[in-house]
Each structure stands twice: as structure tokens, then as C-alpha cells.
Amino acid sequence: MRTTRTQEATMQTTTHTHCLRCGRALHAAHSTAAGYGPTCLRRIKAAARRVADHKPALVAKAVDLITLGGLIPLRARHIFQAVASSGTSSYKTAPQGCTCPAGLRGQHACYHRIAAQILVAA
């Protein structure tokens with residue numbers, strides 16, 4: 001099966017030289033791969049524990065999205081670009097809503113939106 005350039009670009013790993021939360025320089029390999037420094041990652045995990053009004057499975061998926069660097073801040077650190085679990089598309093998300101199919105239905109908060117809530121709370 002042949003892959004297109006778009007698929008090859010989404011398969012490549014992204015490394016960050018500065019923390020996506022605070023902007024400090026990252027030096028450790030695991031920090032550059034995740035996009036967050038150790039202190040910011042601790043704060044994110046603490047904020048995830050405080051989010052108690054969502055299903056634990058969705059919170060765990062949101063934390064995974066954050067630690068894998070799939071949530072990138074766009075404007076004023078309250079609007080984010082979230083990568084889909086398949087890696088082929090991306091959505092704009094905020095603590096109030098998301099443009100993914102689950103977010104547009106609006107019945108429950110999607111994990112992109114929960115991840116945005118965690119980052120804003122951290």
C-alpha cells in the first residue's frame with residue numbers, strides 16, 4: 001500500500017523545543033517528545049485529577065492526548081488545535097466546545113474538550 005505525502009507527514013513524530021504551556025526551553029528527550037516540561041506535566045496531571053465531572057476513561061484519553069503533544073495552543077492559550085486519534089485530521093477545540101463530530105453533536109463533552117479544560121486549569 002502506497003502512502004501519500006499527507007499520510008507521511010502525519011506519521012512523523014513532532015518534537016518541540018519549548019514547552020507548549022509555559023514557553024521554557026526543553027532539554028530532555030522525553031520532554032521534547034511530549035512538548036511539556038516536568039513541572040508543567042505535573043501540573044497538568046494534577047488538573048486532570050481535579051476534573052471529576054467527566055468519565056474516567058475520557059479523562060485518561062485527554063491526558064494521553066496532552067502528553068503525546070496532540071493538543072497545540074493557538075490563541076491566548078484558550079483555543080487549541082487537537083489531532084484526531086486516527087491522525088488524519090485535526091479539530092479546533094476550547095473548554096466550551098469542539099469541532100469534532102462528537103463535539104458538534106453536543107450530547108457529552110469529547111476528550112478534546114476535556115483536554116482543553118485540563119490545560120486551561122493547569
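In this predicted model, helix H3 passes helix H6 in a right-handed crossing. The two axes come within 8 Å and cross at roughly 120°, which makes H3 oblique to H6. On the H3 side, Ile 44, Ala 47, Ala 48 and Arg 50 meet Ile 118, Leu 119 and Ala 121 of H6. By class, this contact has 6 nonpolar residues, no polar residues and 1 charged residue.

Helix H4 also passes H6 in a right-handed crossing. Its packing angle with H6 is about 70°, with the axes 8 Å apart; H4 and H6 are therefore roughly perpendicular to each other. Leu 58, Val 59, Lys 61, Ala 62, Val 63, Leu 65 and Ile 66 of H4 meet Tyr 111, His 112, Ile 114, Ala 115, Ile 118 and Leu 119 of H6. The residues of this contact divide into 11 nonpolar, 1 polar and 1 charged.

| Helix pair | Angle | Axes |
|---|---|---|
| H3 and H6 | roughly 120° | within 8 Å |
| H4 and H6 | about 70° | 8 Å apart |

Helix H6 spans residues 111-121, and its buried residues are Tyr 111, His 112, Ile 114, Ala 115, Ala 116, Ile 118 and Leu 119. These buried residues pack against H3 (38-50) and H4 (56-67), and also against strands E1 (71-75), E2 (79-83), E3 (90-94) and E4 (97-98).

As to confidence, the chain averages a pLDDT of 79, and 86% of the residues score at least 70. Over residues 1-13 pLDDT stays under 50, and the model has 4 contacts beyond four places in sequence for that segment.

Conventions:
Residues numbered from 1 in each chain as written. Predicted model: local features only at pLDDT ≥ 70, side-chain atom pairs only at ≥ 80, totals over all residues. Heavy atoms only, no water. pLDDT = per-residue confidence, 0-100. Contact = heavy atoms within 4.5 Å. Buried < 20%, exposed > 50% of the residue type's maximum accessible area, 1.4 Å probe, protein only. Helix = DSSP H or I, 4+ residues; strand = E, 2+ residues; numbered from the N terminus. Axes fitted to C-alpha atoms, helices over the stretch in contact; angles between N-to-C directions. Parallel < 35°, antiparallel > 145°, perpendicular 65-115°, else oblique. Left-handed = near helix turned anticlockwise from the far one by under 90°. Nonpolar A, V, L, I, M, F, W, Y, C, P; charged D, E, K, R; others polar.
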